[in-house]
Amino acid sequence: MSTTTTYNEAAVCVPRAGTLYDVLELILDRGMVIDIFVRVSLVGIEILKIDARIVVASVDTYLRFAEVCNRLDLNEDASSRTVPDLFASMSRGVATGGARRAAKSIGGRVKEAVGMDEDDDREDEDDERFEEEEKEKAPARKRGSGTRSTSRKTASKKSSSRSSRHSKAA
Amino acid sequence: MASPPLYVYAVVNAGLALPPGLRGVGRPPVPVRLLPAGELAAVVSDVPPDLRARRRDLTGHQELLLALCAAAPVLPMRFGMVADGAGTVRRALDAAAPAHLATLERLDRRTEMNLKAMPAQDGVAALVRDDPAVRRLAADVRRRPSYEGNVRLGSAIAEGLARRAAQAADGVAQELAALADERVQGAEVPGCVLNTSYLLPRAQAERCRELVDRRAAELRDRVELRLTGPLPCYSFVPVEGSRVAAGAAPRPAVVRS
């Protein structure tokens, strides 16, 4: 199934902005609107939201789930014929690995669908660097009591995304 | 002389002293200021050139509102609201002042917590064990392997995982509702089986998080629970902040995007 289209307007990186993705719909679709105000264009975002839905419920995902299930069955058959404990533990391992792959592929597809090219990536990295400088300059802004749990989560997400990028570069 | 357009972040009580150094959208993030109008004030900034819904802009909007919320009750605006000048902002606030003041009072010392629930991706084995229909499909596919059969099986698994997750999440949602003053069902989010926001006294936020942490661990093989907050009360402000005033204020001609 093809979901590859280039979205020049799409500027939000869903998979990496963990916390932001969780509140994206609140920031974009809730909150107060004053009808004599104008709203900035959200063209890219609309496409992105629709596309994420297509990807999550894709045939590709179904096939991967089916694959996980089929392996599961085979291993259970084997275990009933031979050494049950040994194979039971093996089938658990296979099942988990397969499902992880399925989940990972969803993430990869979203990233693809977002149409993140090299330029976007670089821009995002610049953003992050900029935000870090800001944090150092004005720690009070991000460390309010209200943001404690959120910023904790952001920090861990960020560091993990950064390390994965480093390993890619290496 | 026409005043320049303004990005509007929030409506607050006029008495609020803005913490110093607050910044908003744009790169570099632009400084924000208060625009008083009677008993209310709008938190505004200049509109950065080439404003779009970029990650950094969304983050700027969100971070500013979080900082404001820590200090005082806030009516958060939706991302991207731009007024064509200071006069327009003042007119909008004046026209809906009683409603805004009442909402600010209602939200005082309160916060929004958002709970999202997604199917646990590792639950395939448990689902196959417990769901006769899925087991039957799996047996069919094994007897007569086919592309269509696999798609049917995978689709049934995806549905089954979502169903189990929704059931598990429902109990947690009920428990949170008992702690909350109000709750609002959110829009459907791709991949989520539940998206609900709760309005809670600030003092309850930590308890809410502990509860969800506990349930997330217990229900790990069925559902992935994600609690976000404390948040600006996006879901508990009137959507059309000046609808009350429609007709009361002269409407300048604006181009809607």
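This is a short tour of selected places in the structure, one stop at a time. Keep in mind that you are looking at a predicted model.

**Stop 1: an aromatic cluster in chain B**

Start by selecting Tyr7(B), Tyr9(B) and Phe79(B), which together form one aromatic cluster. Across all chains, the structure holds two aromatic pairs. In one of them, the ring centres of Tyr7(B) and Tyr9(B) are 4.5 Å apart and the planes stand at 45 degrees, so this pair is tilted. Tyr7(B) and Phe79(B) make an edge-to-face pair, with 6.2 Å from centre to centre and 65 degrees between the planes. Turn the view until you can see both angles for yourself.

Which parts of the chain does the pair of Tyr7(B) and Phe79(B) tie together? Tyr7(B) lies in strand β1 (residues 6-13) of chain B, while Phe79(B) lies in the loop between β4 (75-76) and β5 (81-83) of chain B, so the pair links parts that are 72 residues apart in sequence.

**Stop 2**

Ser45(B) sits in strand β3 (residues 40-46) of chain B and is buried, because its relative accessible area of 0% is under 20%.

What does Ser45(B) touch? Leaving aside residues up to four places away in sequence, its contacts are Leu6(B), Tyr7(B), Tyr9(B), Val30(B), Pro31(B), Val32(B) and Arg33(B). Two of the cluster residues from the previous stop, Tyr7(B) and Tyr9(B), are therefore on this list.

**Stop 3: an open sheet**

Now switch to a cartoon view of chain B and look for four strands in the order β7-β8-β6-β9, which form an open sheet with antiparallel pairing. Which strands stand at the edges? They are β7 and β9 (223-231) of chain B; each has a single partner strand, so one side of each is left without a neighbour in the sheet. From one strand to the next, the twist averages 20 degrees.

Zoom in on β6 (residues 110-119) of chain B and β9(B): these strands run antiparallel and are joined by seven bridges. Select Pro119(B) as well, whose bridge partner in β9(B) is Val223(B).

From Val223(B), step across to Ala166(B). Their C-alpha atoms are separated by 7.7 Å, although the two residues are 57 residues apart along the chain. Ala166(B) belongs to helix α6 (residues 147-179) of chain B and is partly exposed, at 31% relative accessibility.

**Stop 4: salt bridges**

Side chains of opposite charge can pair when their charged atoms come close. How many salt bridges does the structure hold over all chains? There are 17, and the next selections show some of them.

- Asp131(B) lies in the loop between α4 (124-130) and α5 (132-143) of chain B and Arg163(B) in helix α6, so the pair ties together parts 32 residues apart in sequence. Asp131(B) is buried at 12% relative accessibility, whereas Arg163(B) is partly exposed at 42%.
- Next, select Arg129(B) and Asp130(B), whose side chains meet in a salt bridge of 3.4 Å, N to O. Arg129(B) is exposed, with a relative accessible area of 57%, and Asp130(B) is partly exposed at 42%.

**Last stop: both chains**

Finally, show chain A alongside chain B. Select Glu25(A), Arg30(A) and Lys116(B), which are linked in a network of salt bridges.

Note on methods. Residues are numbered from 1 along each chain as its sequence is written. Chains are lettered from A and ligands numbered from 1 in the order in which they are written. This is a predicted model: local features need pLDDT of at least 70, side-chain atom pairs count only at pLDDT 80 or more; totals for chains, interfaces and linings use all residues. Side-chain values use heavy atoms; hydrogens and water are left out. Helices (H or I, at least four residues) and strands (E, at least two) are DSSP runs, numbered from the N terminus. Buried means under 20% relative accessible area, exposed over 50%, partly exposed in between (1.4 Å probe, protein chains only). Contact means heavy atoms within 4.5 Å. A salt bridge is a side-chain nitrogen of Lys or Arg within 4 Å of a carboxyl oxygen of Asp or Glu. Two strands pair if DSSP finds at least two bridges between them. Axes are lines fitted to C-alpha atoms, for helices over the stretch in contact, and angles run from 0 to 180 degrees between N-to-C directions. Rings of Phe, Tyr and Trp (its six-membered ring) pair if their centres lie within 6.5 Å; planes under 30 degrees apart count as stacked, over 60 as edge-to-face and the rest as tilted.
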